Amino acid sequence: MKRTLDVVLAVLALLLLAPLMLLIALLIRYDSPGGALFVQRRVGRHLVPFDIYKFRTMQDRPTNEIDPLVEGVIDSGHARITRIGRLLRATSLDELPQLLNVLKGDMSLVGPRPVLIEQVEAVPVRYLNRFSVRPGLTGLAQVRGRRSLGWLQQLELDSRYAERVSIGRDLRLMLATVYVVLTLKDIYGSTEQNWRQYRNGRGRHDVGESK
């Protein structure tokens with residue numbers, strides 16, 4: 001039932017939003033050099049890697065020049081974020097291409113957000129059940145605080161969602177997501193509680209348990 005709902009709603013959303021997505025792609029190309037889409041390797045269900053699609057919100061740069069282990073958290077004033085990119089991030093419109101990931105079966109409309117390969121090492125054993133479900137466009141953590149949450153707070157909510165998946169809950173989270181996006185809540189997060197701080201600091205011993 002969940003997969004059927006994902007496919008039906010993703011197809012409808014793509015049909016309805018196709019003109020908007022085309023306009024966004026054209027604005028991105030006009031605003032700065034580079035392609036309209038950004039493709040990045042993420043980890044999904046059962047820890048299987050896949051390529052996630054997003055609208056590009058930053059100045060174009062080769063993927064091999066980006067080191068996720070040392071790149072700082074991106075905030076609203078970051079020099080690499082483009083003009084159109086600030087709007088896309090604030091409204092979460094940069095995530096729309098992930099509807100294609102939903103159709104491919106890499107993602108669901110609702111579930112834990114897909115993590116970077118480098119972030120897996122910072123997931124304690126007690127939260128590994130978050131990888132038992134498909135990652136989602138939105139999820140419990142996204143409506144309970146979005147990027148204002150610390151790393152472990154996000155994982156706790158992801159784990160809680162994975163323990164009790166239901167169509168009714170997914171529909172409620174979709175509606176809650178609309179409110180969060182429209183109110184522009186918690187778009188950017190703090191560097192003090194992110195996964196890099198946890199991985200490199202006090203959580204190192206805990207993380208080691210998952211190896």
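## Pairing of S1 and S4

In which sense, parallel or antiparallel, do S1 and S4 pair, and over how many bridges? In this predicted model, the pairing of S1 with S4 is antiparallel and runs over two bridges. Within that pairing, Arg42 stands opposite Leu116 of S4.

## Overall make-up

The protein chain contains eight helices and five strands. Their order along the sequence is α-β-β-α-α-β-β-β-α-α-α-α-α. Of the 211 residues in the chain, 45% are buried.

## The open sheet

Strands S2, S1 and S4 make an open sheet of three strands, in the order S2-S1-S4, with antiparallel pairing. S2 (49–55) and S4 (115–116) are the edge strands; each has a single partner strand, so one side of each lacks a neighbour in the sheet. Strands of a sheet pair through backbone hydrogen bonds, in either a parallel or an antiparallel arrangement.

Strand S1 (residues 37–43) pairs with S2 over seven bridges, again in the antiparallel sense. Two of the positions can be named: Arg42 has Phe50 as its bridge partner in S2, and Gln40 stands opposite Ile52 in S2. S1 and S2 form a hairpin, with five residues between the two strands. In the turn, His46 has a positive phi of about 60 degrees.

## Helices H1 and H2

Helix H1 covers residues 2–31 and helix H2 residues 83–91. Their axes come within 8 Å and cross at roughly 145 degrees. On the H1 side the contact involves Ile24, Leu27, Ile28 and Asp31, which meet Arg83, Ile84 and Leu88 of H2. By class, the residues of this contact comprise five nonpolar, no polar and two charged.

Ala18 also belongs to helix H1. Is Ala18 buried, partly exposed or exposed? Its relative accessibility is 39%, so Ala18 counts as partly exposed; the range for that class lies between 20% and 50%. The C-alpha atom of Ala18 is 9.9 Å from that of Leu96, although the two residues are 78 residues apart along the chain.

## Nonpolar cores

Which members of the largest nonpolar core touch the most other members? They are Ile28, Phe55 and Leu99, in a core of 30 residues. Two or more residues of this core come from each of H1, S2, H2, helix H3 (98–104), strand S3 (108–110), helix H4 (140–143), helix H5 (151–163) and helix H6 (167–182). H1 gives the largest share, seven residues. Another core, of 11 residues, lies apart from this one and includes Val43, Leu116, Phe131 and Trp195.

Leaving aside residues up to four places away in sequence, Phe55 touches Met21, Ile24, Ala25, Ile28, Ala36, Leu37, Phe38, Leu88, Leu93, Asp94, Leu96 and Pro97. Among these, Ile24, Ile28 and Leu88 also take part in the contact between H1 and H2.

Key:
Residues are numbered from 1 along each chain as its sequence is written. This is a predicted model: local features need pLDDT of at least 70, side-chain atom pairs count only at pLDDT 80 or more; totals for chains, interfaces and linings use all residues. Side-chain values use heavy atoms; hydrogens and water are left out. Axes are lines fitted to C-alpha atoms, for helices over the stretch in contact, and angles run from 0 to 180 degrees between N-to-C directions. Helices (H or I, at least four residues) and strands (E, at least two) are DSSP runs, numbered from the N terminus. Contact means heavy atoms within 4.5 Å. Ala, Val, Leu, Ile, Met, Phe, Trp, Tyr, Cys and Pro count as nonpolar, Asp, Glu, Lys and Arg as charged, and the others, Gly among them, as polar. Two strands pair if DSSP finds at least two bridges between them. A nonpolar core is a set of buried Ala, Val, Leu, Ile, Met, Phe, Trp, Tyr and Cys residues joined through side-chain atoms within 4.5 Å. Buried means under 20% relative accessible area, exposed over 50%, partly exposed in between (1.4 Å probe, protein chains only).
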